[in-house]
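Visitor: I have a structure open and would like to go through some of its labels with you. Could you show it to us?

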Amino acid sequence: MPKPLEVFTADDWEVSVTLSKDGVAYDVSTATNISAAIVDNDGINPATIISAVTLSSGATGADWANGVVVVEIPNASTDVNPQNAYLEIQVTIASKKTTWPRNNIVIKKGTIA
């Protein structure tokens with residue numbers, strides 16, 4: 001199991017994720033929308049911690065043809081309670097929405113102003 005990503009409150013977050021199906025990077029270059037949100041658990045009824053942001057194929061490090069998306073969340077949105085959370089990503093291709101399994105993310109309290 002991969003180590004959870006650690007981020008800090010009040011920082012700008014830039015999280016790179018490779019989306020895959022059956023162990024192979026999934027081409028999302030034809031997506032009309034890719035969004036990501038931070039939720040409080042991986043269960044059936046999670047609450048939203050940080051509302052969905054729209055991802056850009058032009059983000060530094062993004063390579064949608066090879067399944068690499070970059071979630072950018074500005075620091076104005078990241079001043080939240082420290083906690084164990086999850087990154088949820090939804091892709092829309094040909095009007096079909098698909099949500100990927102959630103990735104664990106640990107939100108820690110930043111101490112440097």
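Predicted model: local features only at pLDDT ≥ 70, side-chain atom pairs only at ≥ 80, totals over all residues.

Visitor: Why is Ala-10 called partly exposed?
Guide: Its relative accessibility is 41%. Buried means under 20% and exposed means over 50%, so Ala-10, at 41%, counts as partly exposed.

Visitor: What makes the phi of Ala-10 worth a remark?
Guide: Most residues other than glycine have a negative phi. Ala-10 is not a glycine, yet its phi is positive, about 65 degrees. Ala-94 also has a positive phi, near 50 degrees, and is placed in the loop between strand 8 (83-93) and strand 9 (96-99).

Visitor: Why is Ala-94 called exposed?
Guide: The cut-off for exposed is over 50%; Ala-94 has 67% relative accessibility, so it counts as exposed.

Visitor: Back in the loop between strand 1 (5-8) and strand 2 (13-18), how do you know whether Thr-9 is buried or exposed?
Guide: Buried means under 20%, and Thr-9 has 4% relative accessibility, so Thr-9 counts as buried. Leaving aside residues up to four places away in sequence, Thr-9 touches Thr-78, Asp-79, Val-80, Pro-82, Ile-107, Lys-108, Lys-109 and Gly-110.

Visitor: And why is Asp-12 called exposed?
Guide: Asp-12 is in the loop between strand 1 and strand 2 too. Its relative accessibility is 56%, and exposed means over 50%, so Asp-12 counts as exposed.

Visitor: Which residues form the negative surface patch?
Guide: Asp-11, Asp-12, Glu-14 and Glu-72 form that patch.

Conventions
Residues numbered from 1 in each chain as written. Heavy atoms only, no water. Buried < 20%, exposed > 50% of the residue type's maximum accessible area, 1.4 Å probe, protein only. Contact = heavy atoms within 4.5 Å. Patch = residues over 30% accessible without salt bridge, like charges linked within 9 Å, V, L, I, M, F, W, Y side chains within 5 Å. Areas by Shrake-Rupley, 256 points an atom, 1.4 Å probe, with all protein chains shown as cover. Salt bridge = Lys/Arg side-chain N within 4 Å of Asp/Glu carboxyl O. Lys, Arg positive; Asp, Glu negative; His and termini not counted. Charge placed at Lys NZ, Arg CZ, Asp CG, Glu CD. Helix = DSSP H or I, 4+ residues; strand = E, 2+ residues; numbered from the N terminus.
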